[in-house]
Amino acid sequence: MKNINKTLLAAAISLGMLAGCNSDNDSKAADPMVRFATFNLSFDRTAAGMLSGELALTRTAQDALLARLAEGSLSGTEETKAKNVQQIRNVAEIIQRTRPDVFLLNEFDNDGKGENTNDLKAFNDNYLAHAQHSEVTAISYPVMQNFATNTGLQSGYDLNLDNKTTGDDAWGFGNYHGQYAFAVMSKYPIDTKQIRTFQNFKWKDMPGEKNPIIDDCNNPKVKIPASRQCGDAWYSDAAWQQFPLSSKNHADVPVLIKTDKGEEVIHFLISHPTPPIFGNAARHNVKHNRAEIAFWNDYVKGLNYMTDDKGTKGGLTKNAKFVIAGDLNADPQTGDGDLTAIQALQDNALMNQAVTNGTLIPVSEGGPECLATQPKLCSRNNNRPNPERITSSSGLQLDHVIPSANLNAVKSGIFWPASFEAGYHLVYDAKLGIAKGVSSDHRLVWVDFKLD
């Protein structure tokens, strides 16, 4: 096995060690070791309300449903619900094995407005609070925070230029408002009055940004609409004036952690930029992804152009401690996107360079094994350098936990166990492969900090 700083050992094998590092004491007395994580759960569902119904099932109801699935007596929507329940259980077990203290839940569907935590409480009470395997213990999160999202929020404009205003014209891709939303669960208090969100901050108000220009002019896969020609701006001026930067949201969540020297504030900077694929002739998703990531680079530098949803202007205070986290849909080494923003983010001197470019880059044993032995499953980007760093079945490092340089990072990892490690059943199934049907097509990424 590799050095503990660059291995899955702490996340997949030594479960006792993990449990010892992370107390389940909700009061969270002074504790110098804290684990932050990001996890794209793949809890997006095909219709609004589906996830709520699955999460609301008691343990007894789950058992009864899964028993019927095992005996083959289910079909249709009930069969789908049962399979989704098993997926939720597997995701819960991954959380129980890695035991993060504070983590971002990407792709956790909500009602779009994120005004209540009912589904988060149901996930906590009906799944996380029940040990999912004999090797793990239950876990509980007393602090839960939901967030509004632009996904599925209809713009009222013809954004895809098909002469209609339909589902594909939402500000952020989603078949209904709230699909692909995100949330936070924490063992520590959150200063809710100081949360800053940027759901409504306009893309046009970011310095250097402009209405995407049609510049992919000879690609037969992305035809130029009749109303546009090469070199034109893609969006109408009216749409561009209203276009939000965030495809979901950008949020600054102050987490309050007791230490022997007093209370520490760590700003959890969370987002889920649009993937730089499924683009049009203006390569709008590539440009959008780049801008969404670049926002955090500007924010931590304390630039003054951004205005949050409460009307407060400016970026992060100088010398503040922070952790940037999320499925950023960007790999610093390869992929379909504009890599300049993710590279600039990782190279920024304000970031902990051990985590972004050094000995503490999160890695796993399972990623390289998947690329080497399951080419039909890990079928893309097989030639990616440093395959131990990949965080998704795409073969890319898309999920990131990036701490500030003034945080003392001591360990990191990706929960992607190889076939010889504990928890392999959570990322691979002989029938389902490695995708969402098992748990998620993304992997949980974590970093541990020692606070003074």
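This is a predicted model: local features need pLDDT of at least 70, side-chain atom pairs count only at pLDDT 80 or more; totals for chains, interfaces and linings use all residues.
Reader: Which residue in S11 stands opposite phenylalanine 36?

Author: Strand S1 (residues 33–43) and strand S11 (residues 445–450) run antiparallel and are joined by six bridges. Opposite phenylalanine 36, the residue in S11 is valine 447.

Reader: Are helices H5 and H6 roughly parallel or roughly perpendicular to each other?

Author: Helix H5 (residues 76–98) packs against helix H6 (residues 118–128) with the axes 10 Å apart and at an angle of about 85°. Angles of 65 to 115 degrees count as roughly perpendicular. Therefore H5 and H6 are roughly perpendicular.

Reader: How many nonpolar residues does the contact of H5 with H6 have?

Author: On the H5 side, the contact includes Val85, Ile88 and Arg89, while H6 contributes Phe123, Tyr127 and Leu128. By class, one residue of the contact is polar and one is charged, and the number of nonpolar residues is eight.

Reader: Is threonine 149 buried or exposed?

Author: Threonine 149 lies in the loop between strand S3 (143–146) and strand S4 (182–186). Leaving aside residues up to four places away in sequence, threonine 149 touches several others, among them Asn110, His177, Gln199 and Lys248. Buried means under 20% relative accessible area. Because its relative accessibility is 1%, threonine 149 counts as buried.

Conventions. Residues are numbered from 1 along each chain as its sequence is written. Side-chain values use heavy atoms; hydrogens and water are left out. Helices (H or I, at least four residues) and strands (E, at least two) are DSSP runs, numbered from the N terminus. Buried means under 20% relative accessible area, exposed over 50%, partly exposed in between (1.4 Å probe, protein chains only). Contact means heavy atoms within 4.5 Å. Axes are lines fitted to C-alpha atoms, for helices over the stretch in contact, and angles run from 0 to 180 degrees between N-to-C directions. Angles under 35 degrees count as roughly parallel, over 145 as roughly antiparallel, 65 to 115 as roughly perpendicular and the rest as oblique. Ala, Val, Leu, Ile, Met, Phe, Trp, Tyr, Cys and Pro count as nonpolar, Asp, Glu, Lys and Arg as charged, and the others, Gly among them, as polar. Two strands pair if DSSP finds at least two bridges between them.
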